Amino acid sequence: MSTSVKKIFKIVTETIFPPKCLVCRSFIDPPQSDDNGYSNAVDLSLDIQSQVERLFAKYLCWNCIGGLVVVESPLCSCCGLPFESRHGLDHCCGDCSAAPKTFRIARAPMVYEQVFTEVIHCYKYKGKIQLARPLGELLFSALRLFWNQDSIDVVIPVPLHLKRFRQRGFNQAYLLIRDWQTFAELMPLDLGDFEIERDVLFRTVSTTPQTGLDRRQRAANIKDAFELVNEAKIIDKRILLVDDVYTTGATVDECARLLLHHGAAQVDVLSLARAV
Ligand SMILES: [Zn+2]
Ligand SMILES: [Zn+2]
């Protein structure tokens with residue numbers, strides 16, 4: 001389709017089906033944007049709050065955008081939990097002091113509260129797969145914010161069991177990072193070379209959903225649920241595990257345990273949202 005035909009098609013569609021906020025279903029007036037690809041997609045000058053406003057203006061009303069909560073310091077220097085008090089420096093939380101995590105650090109740009117929970121539900125369960133783009137950009141911005149240049153060798157999405165993958169039709173974590181190499185090429189700053197590996201970590205046990213389980217039950221539920229192949233790809237590598245939501249960290253901790261056992265140099269974790 002030529003660009004002008006596409007534009008006319010878009011105007012007609014939007015007249016018949018005016019866009020609505022994905023969360024509250026009120027009508028929105030989305031900004032006109034480039035639909036031609038990723039050029040100018042990752043604006044380095046913006047902080048996470050401004051990124052959120054830019055990325056979700058097409059999908060959410062301003063009221064719902066205002067309800068999104070960005071993770072801010074002070075936070076746990078290990079698991080990334082934001083502290084209630086907004087004063088002081090980052091430090092280790094009680095939980096990480098009592099039971100140190102296997103991974104080195106975990107970070108997330110967003111708090112897993114009401115509006116963002118609904119955004120993730122739309123993405124994972126309601127077929128709004130187009131959200132992979134803004135969510136992936138948001139995650140990439142978080143990578144730049146929380147990690148130094150050239151500090152990751154391999155990026156691994158937390159895998160789904162084949163049964164779950166077939167039901168859903170996609171791995172939500174992989175779609176978020178699929179375009180990272182394109183983003184990295186557009187960056188004026190070099191993030192270093194990293195590989196995205198999908199054929200290293202596999203989920204061999206189809207666990208019951210973790211929802212409703214406490215920390216100990218989650219850890220037991222997920223134990224030995226993963227298998228590692230192609231070991232050579234992770235030996236002595238600095239790994240970044242990517243997932244959608246960090247709840248108790250049981251899943252990523254189990255993945256980290258396996259990766260480190262097989263020779264990974266370090267394992268870090270990046271999720272879209274952090275449960276508090
Ligand atoms: Zn709304
Ligand atoms: Zn912690």
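Predicted model: local features only at pLDDT ≥ 70, side-chain atom pairs only at ≥ 80, totals over all residues.
Reader: Which atoms hold the zinc ion (ligand 2), and what makes them donors?

Author: They are the SG atoms of C76, C79, C93 and C96, lying 2.3 Å from the zinc ion (ligand 2). An S atom counts as a donor within 2.8 Å of the metal, so these four qualify.

Reader: What spacing do the donors of the zinc ion (ligand 2) follow along the chain?

Author: The spacing is C-x2-C-x13-C-x2-C. Within this site, C76 sits in the loop between α3 (62–66) and α4 (94–98), while C96 belongs to helix α4. These two cysteines are 20 residues apart, and the pair links distant parts of the chain.

Reader: How do you know whether C76 and C96 are buried or exposed?

Author: Buried means under 20% relative accessible area. C76 has 0%, so C76 is buried. C96 has 3%, so C96 is buried too.

Reader: What about the zinc ion (ligand 1): which residues coordinate it, and what is the geometry of the site?

Author: The SG atoms of C21, C24, C61 and C64 coordinate the zinc ion (ligand 1), at 2.2 to 2.4 Å. The angles among these four donor atoms are 103 to 118°, and with the limits at 85 and 135 degrees the site is tetrahedral. Along the chain, the donors follow the spacing C-x2-C-x36-C-x2-C. C21 lies in the loop between α1 (3–16) and α2 (48–56) and C64 in helix α3, so the pair ties together parts 43 residues apart in sequence. Both C21 and C64 are buried.

Reader: Now to the largest pocket: how much space lies in it, and which residues are closest to its centre?

Author: About 740 Å³ of space lies there. The largest pocket is lined by 32 residues, and K124, Q210, T211, R218 and D244 are the closest to its centre.

Reader: Which element supplies the largest share of the lining of the largest pocket?

Author: That is β7, with four residues. Several elements supply at least two residues each, among them α5 (114–125), β7 (238–246) and α11 (250–261). By type, the lining divides into 11 nonpolar, 14 polar and seven charged residues.

Reader: Why is S271 called buried?

Author: The relative accessibility of S271 is 1%, and the cut-off is under 20%, so S271 counts as buried. S271 lies in strand β8 (residues 266–274). Its contacts, leaving out residues up to four places away in sequence, include R107, L139, D243 and Y246.

Reader: What makes T207 a buried residue, and where is it found?

Author: T207 has a relative accessible area of 10%, which is under 20%, so T207 is buried. T207 is found in the loop between β5 (201–203) and α10. Not counting residues up to four places away in sequence, T207 touches R164, N221, I222 and A225.

Definitions and conventions:
Residues numbered from 1 in each chain as written. Chains lettered and ligands numbered in written order. Heavy atoms only, no water. Donors = N, O, S within 2.8 Å, 3.2 Å for Na, K, Ca; no water. Buried < 20%, exposed > 50% of the residue type's maximum accessible area, 1.4 Å probe, protein only. 1 Å grid on protein atoms, 1.4 Å probe; cavity = no way out; pocket = protein on both sides within 12 Å on 5 of 7 lines; lining within 4 Å. Points joined across faces, edges and corners; volume = space filled by probe spheres on them. Nonpolar A, V, L, I, M, F, W, Y, C, P; charged D, E, K, R; others polar. Contact = heavy atoms within 4.5 Å. Tetrahedral: all angles 85-135°; square planar, octahedral: opposite > 155°, others 65-115°.
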